[in-house]
Number of protein chains: 2
Amino acid sequence: MADMTSTADAPRSPGRPRSIRADEAIIEATLDLLAEGSTIEALSIEAIATRAGVGKATIYRRWAGKDALLLDALRRLKGVMAQPAGHSVRDDLVLLVGAIGKNVDPRAAKIMPCLVPAVNRSADQFQLYQNIISPRRQLMREVLRRGIDEGMFRADIDVEVTMALLTGPMLIQRVLQWNPDLDEQSLPERVVDAVLEGIRAR
Amino acid sequence: MADMTSTADAPRSPGRPRSIRADEAIIEATLDLLAEGSTIEALSIEAIATRAGVGKATIYRRWAGKDALLLDALRRLKGVMAQPAGHSVRDDLVLLVGAIGKNVDPRAAKIMPCLVPAVNRSADQFQLYQNIISPRRQLMREVLRRGIDEGMFRADIDVEVTMALLTGPMLIQRVLQWNPDLDEQSLPERVVDAVLEGIRAR
DNA sequence: ACGTTACGAGTCTGACCCGTATCGTATTTC
DNA sequence: GAAATACGATACGGGTCAGACTCGTAACGT
């Protein structure tokens, strides 16, 4: 599904071609409505069509249903990954940690919490979620390994637990607003340094 | 609302008293349906009434609507807080961290993800959420302060950031299944020790 | 006994939505 | 120009649900 605009050796079917503007408008309307606070299942095809200035049939001509449309819309949302500079391991970690839950599209921040229930309900959506975050995890894993190789980190640390340690605080703060009094702006740096140094008196 | 069973100097109104069993059945049915995978807005009063073996009017007689009912039901769910023993600071932390996202009611684990979107949408629900977690945060705060007083932790650590460090990894793992390969059972201990020691080579 | 209130079950109206079909119109290829 | 396909708009049948209401019945006080 959603293999539209397969530009490969177009046999140029007759008739009026599909409007690219309609495609865009539908996706944008979907993301806008989600970002405005609609939950996934409160989101209706009719509302999307109205918002996009499009007939319902135009949507059903492109997608099989709400799920397929959402899948496409969210794919379009995920944005670009942060690219660590590679000079200082600590600075790279701060960059990666700061990028957690921060997408180029400002609507992403509003939409992410809505996906949490869906992720735990359907195996498909869980897989989609894992596909999005696992390359980011891989990136952080490589930076941590580099830190070990450079002798900055102890060789016996558990890399996976360390990643959870770096990621968890940012996620609960950005997605759940876990502690409203915590300053989000300086958090990445403070998290990284705390994980680096530990809290035990020496 | 929901000030039922105000046992204070009961003027004993005439007529048949409200059935306590109906109260229980309605709350239980609500929690059961949520735990079985129904999302909050897919949850209908009709379904709750049927499941509870109760007429719809019996529900509307007690609550103004779905929101009020949900608020009561979730309050009933929150369960008891873990009580640290107070001997070893490290063991207390492991206990508290292990208790994160782990309620006495097994339904809680299934229900929690569903609340994430709601929490960020309504100020009321956000307040309810904060009311539930803030005493637990306070408990952890006190243990950390005790660790500082005992000289186990450095005096200059940021207690709030440290709490986020301890809480975040458990929450993203238990609620989001952030990394399916991470062993959840041993995680509390490993998180606490990692935060204690840090990862920097010494 | 009698009034009062709650009970489970059911009905009814008005929303809202899905997914399909059908308008008349617009845009493309042959 | 003709055939084909898309377009926005709208109507349709089928479905779910909220809330208010109505039954006959059950449980309580006086």
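The model is a predicted one, in which local features need pLDDT of at least 70 and side-chain atom pairs count only at pLDDT 80 or more, while totals for chains, interfaces and linings use all residues. Residues are numbered from 1 along each chain as its sequence is written, and chains are lettered from A and ligands numbered from 1 in the order in which they are written.

Chain A holds 9 helices and 0 strands, where helices (H or I, at least four residues) and strands (E, at least two) are DSSP runs numbered from the N terminus. The radius of gyration of chain A is 21 Å, whereas a compact globule of 202 residues would have one near 17 Å; the value is taken over C-alpha atoms, and the globule rule is 2.2 Å times the number of residues to the power 0.38. The C-alpha trace of chain A spans about 75 × 45 × 30 Å along its principal axes.

Within helix 5 of chain A (residues 89-99), the buried residues are A:Val89, A:Asp92, A:Leu93, A:Leu96, A:Val97 and A:Ala99, a residue being buried if 20 or more other C-beta atoms, placed from the backbone, lie within 10 Å of its own. Viewed down the helix axis, these residues fall within an arc of 160°, so they line one face of helix 5; the arc is that of the directions from the helix axis to the C-beta atoms. They pack against helix 7 (123-149), helix 8 (159-176) and helix 9 (187-197) of chain A.

The contact between the chains takes 44 residues from chain B and 44 residues from chain A, with two residues in contact if their C-beta atoms, placed from the backbone, lie within 7 Å. On the side of chain B that touches chain A, helix 8 of chain B gives the largest share, 12 residues. Of the interface residues of chain B, 100% are also interface residues in chain A, so the copies meet through the same surface.

Around DNA strand D there are 28 residues, of which A:Gly15, A:Arg16, A:Gly55, A:Thr58 and B:Arg16 come nearest; a residue is near a strand if its C-beta atom, placed from the backbone, lies within 6 Å of it.

Definitions and conventions
Buried ≥ 20, exposed ≤ 12 C-beta atoms within 10 Å, placed from the backbone.
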